[in-house]
Amino acid sequence: MENVTLKRSLGLWAIVGLGLGYMTPTIVFDTFGIVSSETNGVVPLAYLTALAVMLFTAISYGKMVQVFPSAGSAYTYTRETINPHLGFIVGWAALLDYILLPMVNALIIRIYMVSIFPEVPAWIWVVSYVAVVTAINVWSMGKTSSLNSLLVIFELVLIGAFIVLAFVKLSHGMGQGTILTTAPLFHSDIHLGAILTGATVVCFSFIGFDAVTMYAEEANDIKTMPKAIMLTVFIGGAIFFIAGYFAQALFPDVSNFKVTDDTLPEIGLFVGGTLFQMIFLAGAFAATVASGLASHASVSRLLYVMGRNGVLPRKLFGYVHPKFRTPAFNVILVGVVSLLAISPSLELISSVINFGALIAFTFVNLSVIAHFVFRQKRYKTAKEIFAYLIMPIIGAGLTGILWYNLHADALLGGIGWIVIGFIYMLFQTKFFKIKIADLKLDEAESTSSL
């Protein structure tokens, strides 16, 4: 069973599609009211700020995925370049946002369906959705990718329709009354602290570009991974910025919304009437399913790598189904966890997710310095100093600023999760008397493709 490996079946655009599906482009409309309130009406500026941070980090991901072309992402990079114990803590932190994202998607589906069919018990929608997504992920990564691509295309078409309708509404005097306005980007009442706080909220939307590194062992050509990462960031960032700009131009403040926690349904209604609202909700539903498929697949692979290392029980978490060539146990486990979406609130879960993501982003940047500067001594030219020292320092610093501006509940929840992970690591290593399993040996055993 140890010779069974993940199947290499994903091309460049399939990986980009999974990244975009993970990012859920329509989330810009769901969180618009929250971010607009936080930033005092400059949502697109918050996205630009987050994009600047993500670009530096994406470049670091691109460097590291070429050095360590395996699933595992920030966990693998930190483990192999800095310290195995620290790598475990980073992987544990990343596991928090990865494992909660499928639950967020199940929760959003619950909210949408209950709003349409309030008489149907909420648990039915959660169980049905989780069962379908779990079955598809167990069956085939290729099938997951194909369905994800169709759903992403559908939601992008609807975002395009929103932009067209927004242009018409602005031309008729709605909101700012013009498409050419600087108000969504700058006005006299904005403050740097508020923008940074808004950026910490919207960086949740960018979680997905890093997740594509989880598919490194399923890419047809590992050399496409850096390009896939950058394309995912640029395309996703462009969508968020443009959609956010038009939404902010139409709605300079949130006074028109009855519900600011999820403004997508009302945005659809105000822009295109009841019919477009229903179509827009269908697009959001498709986006959520696409994100659910991608996030479910991604966290299953992180658990697979941690299991393959022996950090988690190998027989369970390191198992690959001999027929489907997918980490079936992990996929089913993530499905079980996602069932918890029956009761909690979206705000509670999403507030904690960014903690793990920003920890992972920070250490990916630091891994570049550890590997290229301290190990390979790549600091002898100005180009090498800029590429392997200055850029990752900027990336880590900018990510640290966002981390500092996280909400208190996210910090408390994240720190609690880290403490649990540290205690688990102490148990696994018998208080550091033994080493965590050697990743290199395990990867060597499983790199051959069937």
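The model is a predicted one, in which local features need pLDDT of at least 70, side-chain atom pairs count only at pLDDT 80 or more, and totals for chains, interfaces and linings use all residues. Residues are numbered from 1 along each chain as its sequence is written, and side-chain values use heavy atoms, with hydrogens and water left out.

Begin with helix H13, residues 328-338, where helices are DSSP runs of H or I with at least four residues, numbered from the N terminus. Select its buried residues, Ala 328, Asn 330, Val 331, Val 334, Gly 335 and Ser 338; buried means under 20% relative accessible area, exposed over 50% and partly exposed in between, with a 1.4 Å probe and protein chains only. They lie on the same side of H13, because they cover an arc of only 165 degrees around the axis, the arc being that of the directions from the helix axis to the C-beta atoms. Their cover includes helices H6 (84-116), H7 (122-139), H11 (264-309) and H12 (314-317).

Next, select Thr 200 in helix H9, residues 192-206, which counts as buried because its relative accessibility is 1%. A polar atom of the Thr 200 side chain lies 2.5 Å from the backbone oxygen of Thr 197. Leaving aside neighbours within four places in sequence, Thr 200 is in contact with Asn 354, Leu 402, Asn 405 and Leu 406, where contact means heavy atoms within 4.5 Å.

Move to Ser 367 in helix H14, residues 346-375, which is buried at 0% relative accessibility. With neighbours within four places in sequence again left aside, Ser 367 is in contact with Met 64, Tyr 77, Thr 78, Thr 81 and Ile 82.

Then select Gly 414 in helix H16, residues 408-429, which is buried with a relative accessible area of 0%. Beyond its neighbours within four places in sequence, Gly 414 is in contact with Leu 96, Val 352 and Phe 355. Selecting Lys 383 as well shows a pair 31 residues apart in sequence and 37 Å apart in space, C-alpha to C-alpha.

Finish at Ile 390 in helix H15, residues 382-404, which counts as partly exposed because its relative accessibility is 36%.

Conventions. Helices (H or I, at least four residues) and strands (E, at least two) are DSSP runs, numbered from the N terminus. A polar contact is a pair of N or O atoms within 3.5 Å; within protein, one must be able to donate a hydrogen and the other to accept it, and residues adjacent in sequence count only if both atoms are side-chain atoms.
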